[in-house]
Amino acid sequence: MNKIGFNVLAWSAGMSDELFPIIDRLKQIGYDGVEFFVGSPDEAAYKQVGNFTRDLGLGVTTVTVVSPDQNPISESAAVRAKSLDRIKWVIDRSYDLNSQILCGPFHSAHAHFAAHPALDEEYAWSAEVLHAAGEYAAQANIVLALEALNRFECYLCNTMSQLSRLVTLADHSHVRAMFDTHHANIEEKKYDAALHLIAPLLSHVHISENDRGTPGDGHVPFDDAFAGLASINYKGWLTIEAFSRNDPDFANAIGVWREYNEPWHIAEQGYTFIKEMGAKHGL
């Protein structure tokens with residue numbers, strides 16, 4: 001059975017003991033693990049939260065982004081060096097949380113655009129940074145699962161084809177790929193073809209509705225997604241990523257201007273939905 005996780009960004013991008021009641025209730029619902037955003041500068045809090053989560057018997061995955069001044073595809077070698085330092089710091093904090101998968105679009109700066117499509121040298125610059133990050137991540141037994149985002153948040157990797165190109169260029173066993181049903185709903189022609197293309201590199205999956213609310217309440221073709229995952233024999237995490245305005249600073253940063261569903265509705269109904277869809281499609 002695939003493990004089912006929930007990303008606590010539905011409540012907070014922070015890292016503190018304020019997450020404890022949320023983590024505990026996710027355990028009671030039945031989740032196998034929790035996904036945390038790595039960004040808070042409070043280094044001690046990561047071990048505290050990691051220990052609490054581990055003691056509940058829950059697994060952990062992590063997610064992050066990088067900013068324009070830490071951009072792996074910057075023309076500046078100094079900025080690219082800063083990007084590697086930042087990713088290494090995130091790997092360290094992921095290790096503190098007991099995570100074995102660090103996912104996200106940290107191949108390039110989030111929501112930072114150039115006046116051109118992705119260039120060959122940008123793929124090469126990103127791959128160089130990611131290969132070095134993969135070397136570092138391997139020492140912590142952490143897999144870097146890179147994410148393709150929709151065209152409104154990223155221009156380097158929008159599709160599984162582009163992501164496959166980048167991961168292949170990075171050429172490291174600990175640099176792999178993830179699939180997000182929200183972004184794929186915008187960018188891919190068909191889920192099945194996209195999943196079969198990325199299957200050899202796939203290490204993580206986000207289950208996310210078209211409006212970032214409760215999975216199954218919108219128009220994402222989840223039958224296609226789950227059937228496709230079953231057809232490639234995917235055995236990794238199925239982690240719900242949904243958003244709200246509970247953390248205003250984070251919500252403003254990612255363009256979340258309204259509530260989609262109440263977070264506990266997302267968590268409770270989403271868990272049931274994933275269990276039902278997994279059973280339906282033999283995943």
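Helices (H or I, at least four residues) and strands (E, at least two) are taken here as DSSP runs and are numbered from the N terminus. The structure is a predicted model, in which local features need pLDDT of at least 70 and side-chain atom pairs count only at pLDDT 80 or more, whereas totals for chains, interfaces and linings use all residues. Residues are numbered from 1 along each chain as its sequence is written, and side-chain values use heavy atoms, with hydrogens and water left out.

The description begins with strand S2, which spans residues 33-37 and is mostly covered, 5 of its 5 residues being buried (buried means under 20% relative accessible area, exposed over 50% and partly exposed in between, with a 1.4 Å probe and protein chains only). In a regular strand the side chains alternate between the two faces of the sheet. In S2, Gly33, Glu35 and Phe37 point one way while Val34 and Phe36 point the other way, and all are buried. Strand S1 (residues 4-7) pairs with S2 in the parallel sense over 3 bridges, where two strands count as paired if DSSP finds at least two bridges between them. Within this pairing, Val34 of S2 is the bridge partner of Phe6. Strand S3 (residues 59-63) also pairs with S2 in the parallel sense, over 5 bridges, and Thr61 in S3 is the bridge partner of Glu35. From S2 the chain crosses through helix H2 (residues 43-55) to S3, a β-α-β crossover that is right-handed; the term applies if, with the strands pointing away from the viewer, the path from the first strand over the helix to the second runs clockwise. A right-handed β-α-β unit is likewise made by S1, helix H1 (residues 20-29) and S2.

Grid points are joined across faces, edges and corners, and a volume is the space filled by probe spheres set on the points. The largest pocket holds about 480 Å³ of space. It is lined by 24 residues, of which His110, Glu153, Arg212, Phe243 and Ile254 are the closest to its centre. Helix H6 (181-187) and helix H9 (248-254) each supply at least two residues of this lining, and H9 gives the most, with 3 residues. By class, the lining of the largest pocket has 13 nonpolar, 6 polar and 5 charged residues, with Ala, Val, Leu, Ile, Met, Phe, Trp, Tyr, Cys and Pro counted as nonpolar, Asp, Glu, Lys and Arg as charged, and the others, Gly among them, as polar.

The second largest pocket has about 250 Å³ of space, and among its 14 lining residues Gly59, Val60, Asn98, Gln100 and Trp237 lie nearest its centre. H2 and S3 are the elements that give two or more residues to this lining, the largest share, 3 residues, coming from S3.

The structure also holds 2 cavities of 30 Å³ or more. About 80 Å³ lies in the largest cavity, to whose lining helix H10 gives the most, with 4 residues. The second largest cavity, with a volume of about 40 Å³, is lined by Ala148, Asn158, Met160, Asp180, His183, Ala184 and Glu188.

Salt bridges, defined by a side-chain nitrogen of Lys or Arg within 4 Å of a carboxyl oxygen of Asp or Glu, come to a count of 9. Arg212, one of the residues closest to the centre of the largest pocket, forms a salt bridge with Glu241, the closest N and O atoms being 2.9 Å apart. This pair links distant parts of the chain, 29 residues apart, with Arg212 in the loop between strand S7 (202-207) and helix H8 (222-231) and Glu241 in the loop between strand S8 (238-240) and H9. Both Arg212 and Glu241 are buried. Asp223 forms a salt bridge with Lys280, again with the closest N and O atoms 2.9 Å apart. Asp223 lies in helix H8 and Lys280 in helix H10 (residues 263-281), so this pair ties together parts that are 57 residues apart in sequence. Asp223 counts as partly exposed at 34% relative accessibility, and Lys280 as exposed at 54%.

Definitions and conventions:
1 Å grid on protein atoms, 1.4 Å probe; cavity = no way out; pocket = protein on both sides within 12 Å on 5 of 7 lines; lining within 4 Å.
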